[in-house]
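Let's walk through this structure together, one question at a time. Have the model open beside you as we go.

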Amino acid sequence: MYFSAVFLRSTAPRFSRSLATVTHNPQILTPLRHDWTRQEIKKIYDSPLLDLVFRASSIHRQNHDPSKIQLCTLMNIKTGGCSEDCSYCSQSSRYSTPTTASRLVDIEPVLEAARKAKENGSTRFCMGAAWRDLAGRKRGFERILEMVREVRGMGMEVCTTLGMLSPEQAKQLKEAGLTAYNHNLDTSREFYPQVITTRSYDERLETISAVRDAGISVCSGGILGLGESDQDRIGLIQEVANMPEHPESFPVNALVPIPGTPLEGNERVPHHTLLRTIATARVVLPGTIIRLAAGRNTLSESEQVMCFMAGANAVFTGEQMLTTPCSPWDEDKAMMGRWGLEGMQSFEQASVARKEGAALGPQTPRTVSEAQAELP
């Protein structure tokens, strides 16, 4: 999920299979960097908010079609009973919360949910299981691989979040047709131990490396409202920006405090903090899809649109997130219609298309590094 900015020639790109392509024609290639310092990102983050949004919006339009929003639907395929102690999560077995533990669901209900999501305009279907890892879950993993194959067969992008992965497990998911794997870093390296103690920051990075090495797109972001500081938000952005390849997707979640969790009393994240984080991420991660994720249902329509203006270009839509509310399809489609926005098609992001192995013809979207390599 590391993406470099897209360069389009005047003729529409041609793919060997039916992959939709970006239709805008950016005039500027935004260089990608992997050597950001915290001071550099802090300077961006601390700039006047309207100036920052304008800068982010300009970069967004250079690298993305500003009229397109990726619609994703998330399904919890295994709820609760997790051994981790993530202090924000109702699925931890360590806390007494409204979430009831259940076993891995059967394949057919998942396929039914995916079909419904596709009918409603979602082009990426995500499946989440409340596990620390897949150790001792051979049969469950085989069932998930079948889910991935079936959903991919519908022509949708497929994403999973299953906890820690080994390189071999990542390879099997890729072979089954997995498009993306979500594994959030949540916050900065420094603040992380105050949020989670059962899995280290480096273990999270190891899973991300295994996913990337398997050729699967990486989806990795964070949660705002954990009690972190501005420096922690800056640290999170620096961490993903300096990965060997930028994540294809950077989810920005606003904490939804859940009764029974240690963070149940945390206050709602101010909109200006959410906006500033999105805009900074857009400047530093010019080619990445920035996903407005958990907590979006608490934002007004105008607040959401400001996030889109600042560079967010994906949302979760449907009946619910894993354990928190989600904005319904009909409401989202109506909002997008009012603001002249439309949904992306599956595999529309050029970096995802490349990772899917499309044999691109001579008229192809190219990364910044590829384009610059051809310059004299």
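Q: In which strand is C219 found?
A: Keep in mind that this is a predicted model. Look along residues 217–219, where C219 is found. That stretch is strand β5.

Q: Is C219 buried or exposed?
A: The relative accessibility of C219 is 4%. Buried means under 20% relative accessible area, so C219 counts as buried.

Q: Which residues does the UniProt annotation "binding site" cover?
A: The annotation comes from an unreviewed UniProt entry. Its residues span 166 residues in sequence, yet no two of their C-alpha atoms are more than 13.5 Å apart, so they gather at one spot. According to that record, the residues are C126, C159, C219 and R291.

Q: What is the relative accessible area of C159?
A: You will find C159 in strand β3. Leaving aside neighbours within four places in sequence, C159 is in contact with several residues, including F125, M127, L178 and Y181. C159 is buried, with a relative accessible area of 3%.

Q: Which residue in β3 does C126 stand opposite?
A: Strand β2 covers residues 124–129, and β3 covers residues 157–161. The two strands pair in the parallel sense over five bridges. Across this pairing, C126 stands opposite C159.

Q: Which residue in β2 is the bridge partner of C72?
A: Strand β1, residues 68–78, runs parallel to β2, and six bridges join them. Within β2, the bridge partner of C72 is R124.

Q: Which helix does the chain pass through as it crosses from β1 to β2?
A: This β-α-β crossover is right-handed. The helix on the way from β1 to β2 spans residues 107–119, and it is α3.

Q: At roughly what angle do the axes of α4 and α5 cross?
A: Helix α4, residues 138–153, belongs to a right-handed β-α-β unit with β2 and β3. In α4, F141, L145, V148 and R149 meet Q169, Q172, L173 and A176 in α5. By class, this contact has five nonpolar, two polar and one charged residues. The axes come within 8 Å and cross at roughly 30 degrees.

Terms used:
Residues are numbered from 1 along each chain as its sequence is written. This is a predicted model: local features need pLDDT of at least 70, side-chain atom pairs count only at pLDDT 80 or more; totals for chains, interfaces and linings use all residues. Side-chain values use heavy atoms; hydrogens and water are left out. Buried means under 20% relative accessible area, exposed over 50%, partly exposed in between (1.4 Å probe, protein chains only). Helices (H or I, at least four residues) and strands (E, at least two) are DSSP runs, numbered from the N terminus. Two strands pair if DSSP finds at least two bridges between them. A crossover is right-handed if, with the strands pointing away from the viewer, the path from the first strand over the helix to the second runs clockwise. Axes are lines fitted to C-alpha atoms, for helices over the stretch in contact, and angles run from 0 to 180 degrees between N-to-C directions. Contact means heavy atoms within 4.5 Å. Ala, Val, Leu, Ile, Met, Phe, Trp, Tyr, Cys and Pro count as nonpolar, Asp, Glu, Lys and Arg as charged, and the others, Gly among them, as polar. UniProt positions are given in the numbering used here, feature names are shortened, and annotations may be inferred rather than shown by experiment.
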